[in-house]
Amino acid sequence: MTERLLRRRAIAPLLSSLRRPRTSPIARVLTLPTRQHNTDSLATPSSIPDPDTPSSSKPLPPRWSALKSAKPFSDFLTDTFNRQHDYLRISVTERCNLRCLYCMPEEGIQLSPPARLLTSPEIVYLSSLFVSQGVTKIRLTGGEPTVRKDIVPLMQSIGELRRDGLRELCLTTNGISLHRKLDAMVEAGLTGINLSLDTLDPFQFQIMTRRKGFDAVMRSIDRILELNKAGAGIKLKINCVVMRGLNDREIVPFIELGRDSPIEVRFIEYMPFDGNKWSQGKMVSYQEMLDIIREKYPALEKVRDPKNNTSKTYQVPGFQGQIGFITSMTHNFCGTCNRLRITCDGNLKVCLFGNAEVSLRDILRKENNGEPISETTMKELEAAGLARLEGGQVSAREQELLDIIGMAVKRKKAKHAGMGELKDMKNRPMILIGG
């Protein structure tokens, strides 16, 4: 019996109270599940086929088999510095229920017209294409992804890509409404959560986010820990952007969260994006944070970082949790970067701090006269053979997408600009990148 199946059976009692409509089989996960109104017979985690067992293995459609077997790792996702990009972040909404100081400009943002944003079938299609090329980890971001109405069925569809090589399906969230959808997300295949929380003071929370909601965030954290005690195995990381004069005095209290709970608290150096009024004086450096922690915990130990890790990891002896530092400003980690980003409006960004983007949306919609592709339209395109294998080759649309992706990846620089240049570079607000 596989570890995944054991995990699902362990959390089945906690999820048994959920009653969601059954979903029809997905022939190639290029469309979202079709909702049924009959809820008399519900799938439980233990009844979901495990992709590691022979009974659930399904042959890949010819075009995806051809894509996967082309090279050991896709040349399209390998840059000129031999960095292999197997991690894809997808922004699924521009909307957010908070207004964090470092993310959202004070005046707000101009939301894109709905027709410019990727539809769910388009997101699943692009996810399929990237997984076929070697992506093993997908993270859904926003805005705030939990405010998207169909976020759970979208995760269910992307979760189906586990049979094609996807190993991790993660979420970046502010936690406000997560506790209401978490159980269903775990059922859909959620494996990791990065939860943004910049203060443990409810009053300070309202100042930094310009909204109320601290208690809701703590309910979400408690629910994650509760599910993990039952065997859910969700990797929980709490991300804290440290800003001088606002929350730098809370560094030690945040570390205390990991005393008795397996939580990794990651401190992030304040980074410049359009509209967030960045200044070097507000930024607390990694080294300064380390000095603060060592005053309280002089035995702080460095932990070996996993490959491609963005954070420098430490641990206080005797604590269950760990401490991480994301040092984008003072010690970049560009040399091991394996991340690509797709914005909510369908642009590919090869670097968080780069302002070069290419539109995947426009290529994807070319055969639909530039119009958004709905579930019905995607089925019609597939039925018409517009995205099927022809004579042993991928379709023209898929080839064009891969060529554009490959050229963008090959243009990726060795490292992003330095602190002095970043503050003056034009870039999107963080909320429109997917942070």
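1. Helices α5 and α7 are roughly parallel to each other, because the angle between them is about 25° (angles under 35 degrees count as roughly parallel, over 145 as roughly antiparallel, 65 to 115 as roughly perpendicular and the rest as oblique). α5 covers residues 178–188 and α7 residues 214–229, and their axes lie 9 Å apart. Axes here are lines fitted to C-alpha atoms, for helices over the stretch in contact, with angles running from 0 to 180 degrees between N-to-C directions. Helices are DSSP runs (H or I, at least four residues) numbered from the N terminus.

2. Before going on, a friendly reminder: this is a predicted model, in which local features need pLDDT of at least 70 and side-chain atom pairs count only at pLDDT 80 or more, while totals for chains, interfaces and linings use all residues. Residues are numbered from 1 along each chain as its sequence is written, and side-chain values use heavy atoms, leaving out hydrogens and water.

3. Which residues of α5 and α7 make the contact? From α5 come Leu-178, His-179, Leu-182, Asp-183 and Val-186, and from α7 come Ala-216, Arg-219, Ser-220, Arg-223, Ile-224 and Leu-227 (contact means heavy atoms within 4.5 Å). Six of these residues are nonpolar, two polar and three charged. For these classes, Ala, Val, Leu, Ile, Met, Phe, Trp, Tyr, Cys and Pro count as nonpolar, Asp, Glu, Lys and Arg as charged, and the others, Gly among them, as polar.

4. α5 also packs against α4 (residues 151–159), at an angle of about 15° and with the axes 8 Å apart. That makes α4 roughly parallel to α5. On the α4 side you can look for Ile-151, Val-152, Met-155, Gln-156 and Gly-159, which meet Lys-181, Ala-184, Met-185 and Ala-188 in α5. This contact has six nonpolar residues, two polar and one charged.

5. Next, follow α4 to α3 (residues 120–132): their axes come within 10 Å and cross at roughly 25°. α3 and α4 are therefore roughly parallel to each other. Ser-120, Ile-123, Val-124 and Ser-127 of α3 make the contact with Leu-154, Ser-157 and Ile-158 of α4. By class, there are four nonpolar and three polar residues, with no charged ones.

6. Finally, look at α6 (residues 202–209), where Gln-204, Phe-205, Met-208 and Thr-209 are buried (under 20% relative accessible area, with exposed over 50% and partly exposed in between, using a 1.4 Å probe and protein chains only). They cover an arc of only 120° around the axis, which puts them on the same side of α6; the arc is that of the directions from the helix axis to the C-beta atoms. The cover over these buried residues includes α7.

Definitions and conventions
Helices (H or I, at least four residues) and strands (E, at least two) are DSSP runs, numbered from the N terminus.
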